[in-house]
Amino acid sequence: MSTATVAHDEAAYDLVPEDLAPGVARPRVLLVGTALAAGAIIVLFAALIGMYLRVRHGVITGPAVDGVDPVWFADGQTIPLTPANVAMATMLLSCVSMQWAVQAVKDDDRRNALFALVLTVLFGGAVINATSFLYSQSGFTVSAEATNPAGLLFYAVTGSHLALIVGALLFAVIMTVRTLGGEYGSHNREGIVAASLIWYLTTGIMLVIWYAVYVTK
């Protein structure tokens, strides 16, 4: 270290008052930030699902056109329930593996934590795959000339949820790497708890979508 650098550091140190109280560590910053983000996510999906249900109700209760009752889905459009059920069941299973990971980190059991987190990521990938298959079977299209908004709203709700799953998976992967690096364990589980919070929220939102969009159609 040069003489000039040492002199500069000493000068900066002299500017600090001797009676200055030590800084207070901010506890659970990641967890609090995740909780705030979760609140924003809830508001977003409440708006999207509410809009979907409101428009759908308006269409199916609207007046008949040329003696034909209005329908929500156009000809050739449908929502196959089997892939939706598979995706929902897989998400519920992934909550078990995520909670397993949280408990393993608490017990400083990195082997089981890694296995549970990898299993959770695989479950998430399976949900994305099932939803993609559902898209290929639904027959929905998004076109500026379409008079029925069913396809646009369907993809707005379910596509946003897919993006949420991808984000939650990336969060879980990052926490997996940091756990393997020894940053998280019985002394500090904040990161893995934050990742599990987002994952449980993702599952809860999917449960609402599964019933409001897929089941009731």
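Thr-120 is found in helix H4, residues 110–138. Helices here are DSSP runs of H or I, at least four residues, numbered from the N terminus. This is a predicted model: local features need pLDDT of at least 70, side-chain atom pairs count only at pLDDT 80 or more, and totals for chains, interfaces and linings use all residues. Residues are numbered from 1 along each chain as its sequence is written, and side-chain values use heavy atoms, without hydrogens and water.

Student: Why is Thr-120 called buried?
Tutor: Buried means under 20% relative accessible area (exposed is over 50%, partly exposed in between; 1.4 Å probe, protein chains only). Thr-120 has 1%, so Thr-120 counts as buried.

Student: What makes the pairing of the Thr-120 and Ser-97 side chains a polar contact?
Tutor: The cut-off is a pair of N or O atoms within 3.5 Å, where one must be able to donate a hydrogen and the other to accept it; residues adjacent in sequence count only if both atoms are side-chain atoms. The two side chains make this contact at 2.7 Å. The Thr-120 side chain also reaches the backbone nitrogen of Met-98, at 3.4 Å.

Student: Which residues does Thr-120 contact beyond four places in sequence?
Tutor: Ser-94, Ser-97, Met-98, Leu-169 and Trp-199. Contact means heavy atoms within 4.5 Å.

Student: How do you know how H5 runs relative to H6?
Tutor: Their axes (lines fitted to C-alpha atoms over the stretch in contact, with angles from 0 to 180 degrees between N-to-C directions) pack at about 160°, 9 Å apart. Angles over 145 degrees count as roughly antiparallel, so H5 is roughly antiparallel to H6. Among the contacting residues are Leu-169 of H5 and Trp-199 of H6.

Conventions. Helix = DSSP H or I, 4+ residues; strand = E, 2+ residues; numbered from the N terminus. Parallel < 35°, antiparallel > 145°, perpendicular 65-115°, else oblique.
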